[in-house]
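Here is a short briefing for a first look at this model. Start with the metal site, then turn to the rings and the overall fold.

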Amino acid sequence: MILRYKTYFLEFIHPFRIAINTRTQTPIILLELESNGIIGYGEASLPPYLFETQESVIHFFKKVDGDYLDTLSSMDLMLDYIFQLEPGNMAAKAALDIALHDLWAKKSHQTLYSFLGINPSNMRPSSFTLGMDDLKLLPLKLEEAESFKILKVKLGGYNDLEIIKSIRNHSDKPLYIDANQGWTDKELALERIHWLADQGVILIEQPMPKKRELDQAWLLKRSPIPILADEDCQTYGDIPQLLGRYTGINIKLMKCGGLREAFKMIKLARELNLEIMMGCMNESSCAIMAGAVPACLVDYIDLDGPFLINNNPFQNPRIKEGIIQFNDSPGLGLEPI
Ligand code: MG
């Protein structure tokens with residue numbers, strides 16, 4: 001098996017501000033795995049707060065022995081091999097996991113969802129994310145969000161109420177809120193959540209800093225809407241300790257290491273009666289169409305990455321009634337531009 005990879009930067013249409021930073025682009029690595037003339041595509045997305053870099057991903061890829069991968073007879077054996085190479089490196093592992101899934105589904109002439117036995121007909125609408133931009137941009141951004149039925153709003157700054165009031169002046173779509181750990185006082189957080197619930201907010205993601213176990217448990221008991229863990233839930237092993245602190249979890253391929261891990265997390269979360277969101281980093285169609293497969297099994301979907309950038313290296317996914325559409329091509333069905 002031949003590994004090819006290149007560095008790339010996804011450029012945001014508008015500078016993207018969240019509670020912790022603002023950025024104009026996201027470094028990624030695009031991966032191709034080629035076997036017998038068939039190419040599987042993968043992607044590692046590397047927002048700056050995740051510690052992995054383009055260099056660390058390339059360092060990890062250099063440890064992968066493509067000839068050895070060819071001797072392994074199942075996807076599980078290949079992923080076991082990749083996962084034991086080094087701890088961490090979840091985005092690098094996600095890229096390899098995605099590319100292997102694309103490749104194997106293509107080899108069997110199936111779409112990835114059929115290959116994995118997933119029925120796509122129950123997929124729910126995805127949200128479209130609004131960063132904490134200058135409010136003057138809001139009408140334009142709402143126009144860009146037109147094909148989406150749900151908006152996800154980044155809060156956690158000084159003007160949270162002003163942002164929501166402005167949105168409500170233009171749109172009555174249901175809202176997801178992501179505070180990105182931006183609220184540090186539990187009483188204020190609760191007051192804000194009650195106000196947001198009255199504004200048509202369906203759920204709130206990571207309102208308080210991670211590892212604030214007692215405050216988060218206090219907040220969950222009193223919150224009128226679901227609270228989902230994002231920064232507090234990186235991998236499978238984090239899930240059990242979130243019980244009693246969160247209603248559910250936000251799974252992202254780049255945090256957990258790819259599709260196999262995402263399916264394991266979904267299974268465990270369901271056993272523990274936790275709700276599930278399938279989310280994303282800023283990603284191209286490659287990682288998004290991979291994430292769209294486990295997304296068929298979850299309660300909330302936030303897979304909007306390609307719609308926030310202007311240089312997607314693949315065709316954008318199609319959206320119908322706010323729902324991401326699969327095409328009939330084998331694997332991820334990606335069309336490089
Ligand atoms: Mg989040």
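Donors are N, O and S atoms within 2.8 Å of the metal (3.2 Å for Na, K and Ca); water is not among the atoms, so sites may look incomplete. With that rule, the donor residues of the magnesium ion follow the spacing D-x26-E-x24-D in sequence. This is a predicted model, where local features need pLDDT of at least 70, side-chain atom pairs count only at pLDDT 80 or more, and totals for chains, interfaces and linings use all residues. Residues are numbered from 1 along each chain as its sequence is written, and side-chain values use heavy atoms, with hydrogens and water left out.

**Metal site**
- The magnesium ion has Asp178 (OD), Glu205 (OE) and Asp230 (OD) as its protein donors, at 2.0 to 2.2 Å.
- Aspartate 178 sits in strand S6 (residues 175-178) and glutamate 205 in strand S7 (residues 201-205), so this pair, 27 residues apart, links distant parts of the chain. Helices (H or I, at least four residues) and strands (E, at least two) are DSSP runs, numbered from the N terminus.
- Both aspartate 178 and glutamate 205 are buried. Buried means under 20% relative accessible area, exposed over 50%, and partly exposed in between (1.4 Å probe, protein chains only).

**Aromatic rings**
- Rings of Phe, Tyr and Trp (its six-membered ring) pair if their centres lie within 6.5 Å; planes under 30 degrees apart count as stacked, over 60 as edge-to-face and the rest as tilted.
- That rule gives 8 aromatic pairs.
- Tyrosine 113 and phenylalanine 326 make a tilted pair, 4.9 Å centre to centre with 50 degrees between the planes. Tyrosine 113 is in helix H5 (residues 112-115) and phenylalanine 326 in the segment after strand S13 (323-325), so the pair ties together parts 213 residues apart in sequence. Tyrosine 113 and phenylalanine 326 are buried.
- Tyrosine 176 and tyrosine 300 are edge-to-face, because their centres are 5.7 Å apart and their planes are at 80 degrees. Tyrosine 176 belongs to strand S6 and tyrosine 300 to strand S11 (residues 300-301), so parts 124 residues apart in sequence are tied together. Tyrosine 176 and tyrosine 300 are buried too.
- One aromatic cluster is made of Phe128, Phe148 and Phe307.

**Overall fold**
- The protein chain has 12 helices and 13 strands.
- Of its 337 residues, 58% count as buried.
- Its C-alpha trace spans about 60 × 40 × 40 Å along the principal axes.
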